[in-house]
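Here is a friendly walk through one protein chain. Please keep the sequence and the model open side by side while you read.

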Amino acid sequence: MSATRYRRFLKLCEEWPRDETRKGRDFGTALRQRVAAAFREGENTQISDTEKCDQMYESLARINSNVYKQRFPRVKETSFTGVTPDECNVLLSGSLHQTDDEKKGLWKKLTERFSTKSTEEAPEKPPEK
């Protein structure tokens, strides 16, 4: 019986979309890792709580097949912020995250560049008496 459960979870993992824009934060990847950890021995894995396993599978399958989206349709595709789902995906994708260098303005970059060169090239002053 655990072989059937294992195959059902594998099929669910194949059907679950993987979002490449959310590296390290993708639910599909996390789901695959959890299934791999739960079924270490593959079809030969002994499951201690079969009811909980079946319940978890059914819940994930309902989410994946958009049962709740169809049962409770939204009137508008925006939230209280007015952000559309596409805009939200762009914001969550991580493509807008800037590195520290990109956050710096032109003036700051120039002052850092010239201040490090001036301290390296400037001869040391002899101590004043």
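## About the model

This is a predicted model, in which local features need pLDDT of at least 70 and side-chain atom pairs count only at pLDDT 80 or more, while totals for chains, interfaces and linings use all residues. Residues are numbered from 1 along each chain as its sequence is written, and side-chain values use heavy atoms, with hydrogens and water left out.

## Overall fold

The chain has seven helices and zero strands, so the order from the N terminus is simply α-α-α-α-α-α-α. Helices (H or I, at least four residues) and strands (E, at least two) are DSSP runs, numbered from the N terminus.

Of the 129 residues in the chain, 15% are buried. Here, buried means under 20% relative accessible area, exposed means over 50%, and partly exposed lies in between (1.4 Å probe, protein chains only).

## Aromatic pairs

Four aromatic pairs are present in the structure. Rings of Phe, Tyr and Trp (its six-membered ring) pair if their centres lie within 6.5 Å; planes under 30 degrees apart count as stacked, over 60 as edge-to-face and the rest as tilted. One of the pairs joins F9 and F39, a tilted arrangement with 5.6 Å centre to centre and 45° between the planes. This pair links distant parts of the chain, 30 residues apart: F9 sits in helix α1 (residues 2–15), and F39 in the loop between α2 (27–38) and α3 (50–64). F9 is buried at 5% relative accessibility, and F39 is buried at 7%.

W16 and F27 make another tilted pair, with 5.1 Å centre to centre and 50° between the planes. Because W16 lies in the loop between α1 and α2 and F27 in helix α2, the pair ties together parts that are eleven residues apart in sequence. W16 is buried, with a relative accessible area of 11%, whereas F27 is partly exposed, with 46%. Ring pairs also link Y6, F9, F39 and Y57 into a cluster.

## Salt bridges

Side chains of opposite charge can pair when their charged atoms come close. A search of the whole structure gives four salt bridges, each defined as a side-chain nitrogen of Lys or Arg within 4 Å of a carboxyl oxygen of Asp or Glu. In the bridge between D54 and R5, the closest N and O atoms are 2.8 Å apart. D54 belongs to helix α3 and R5 to helix α1, so this bridge ties together parts that are 49 residues apart in sequence. D54 is partly exposed, with a relative accessible area of 25%, whereas R5 is buried, with 8%.

R7 and E43 meet in a salt bridge too (3.1 Å, N to O). With R7 in helix α1 and E43 in the loop between α2 and α3, the pair ties together parts that are 36 residues apart in sequence. R7 counts as partly exposed at 46% relative accessibility, and E43 is partly exposed with 37%. R8 also forms a salt bridge with D54 (3.7 Å, N to O). That pair ties together parts that are 46 residues apart in sequence, because R8 lies in helix α1 and D54 in helix α3. R8 is partly exposed at 27% relative accessibility. Salt bridges that share partners join R5, R8, D54 and E58 into one network.

## The largest pocket

How many residues line the largest pocket? The lining has 18 residues, of which F9, R34, A38, C53 and M56 lie nearest the pocket's centre. The volume of the largest pocket is about 450 Å³. A pocket is found on a 1 Å grid over the protein atoms alone, as an open set of points where a 1.4 Å probe fits, with protein on both sides within 12 Å along at least five of seven lines; lining residues have an atom within 4 Å of a point. Grid points are joined across faces, edges and corners, and a volume is the space filled by probe spheres set on the points.

α2 and α3 each supply at least two residues of this lining. The largest share, seven residues, comes from α2.

## A nonpolar surface patch

L106, W107, L110 and F114 form a nonpolar patch on the surface, with about 510 Å² of accessible area together. Patches are made of residues with over 30% relative accessible area and no salt bridge: like charges are joined within 9 Å, nonpolar side chains (Val, Leu, Ile, Met, Phe, Trp, Tyr) within 5 Å. Accessible areas come from the Shrake-Rupley method with a 1.4 Å probe; for residues, only the protein chains shown count as cover.

L110 is found in helix α7 (residues 106–121). L110 is partly exposed, with a relative accessible area of 30%.
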